[in-house]
Amino acid sequence: MSDSVTQRRLRLTSVLPVWAVALLGAILVLLFAHARPFAWMLLVMVASVLLSFALQLATQTKDGLVVRISASAAGAFVIILVGTAILLFRQ
């Protein structure tokens, strides 16, 4: 299998779950967190970053590690940012 195909598959399998967790967490905070919703958003972001590192360690591949962690964290940050903006405009 080509190295670029392997890198692409690693990127998808280790980045998309982090984005999904961030999206699910942001939605749950928007729906259910009435007390301290911004603190809960921060907790979702921290959980996303920790999941990102765990998934990168699980791949056991150092090639492209920084790119995959950056993509995971940046995507989760954008999702949390949108959720936080919704919280700000909702209040």
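Predicted model: local features only at pLDDT ≥ 70, side-chain atom pairs only at ≥ 80, totals over all residues.
I started with Val44: not counting residues up to four places away in sequence, Val44 touches Val21, Ala22, Gly25, Ala26, Val29 and Ile80 (contact means heavy atoms within 4.5 Å).

Residues are numbered from 1 along each chain as its sequence is written, and side-chain values use heavy atoms, with hydrogens and water left out.

Next I looked up Ser48, which sits in helix α2 (helices are DSSP runs of H or I, at least four residues, and strands are runs of E, at least two, numbered from the N terminus). Ser48 is buried, with a relative accessible area of 1% (buried is under 20%, exposed over 50%, partly exposed in between, with a 1.4 Å probe and protein chains only). With residues up to four places away in sequence left out, Ser48 touches Val18, Val21, Ala22 and Ala76.

Then I checked the largest nonpolar core, which has 12 residues, including Val18, Ala22, Val44, Ala76 and Ile80 (a core is a set of buried Ala, Val, Leu, Ile, Met, Phe, Trp, Tyr and Cys residues joined through side-chain atoms within 4.5 Å). Two or more residues each come from α1, α2 (37-59) and α3 (65-90). The most come from α1, with 5 residues.

The C-alpha trace spans about 50 × 20 × 15 Å along its principal axes.
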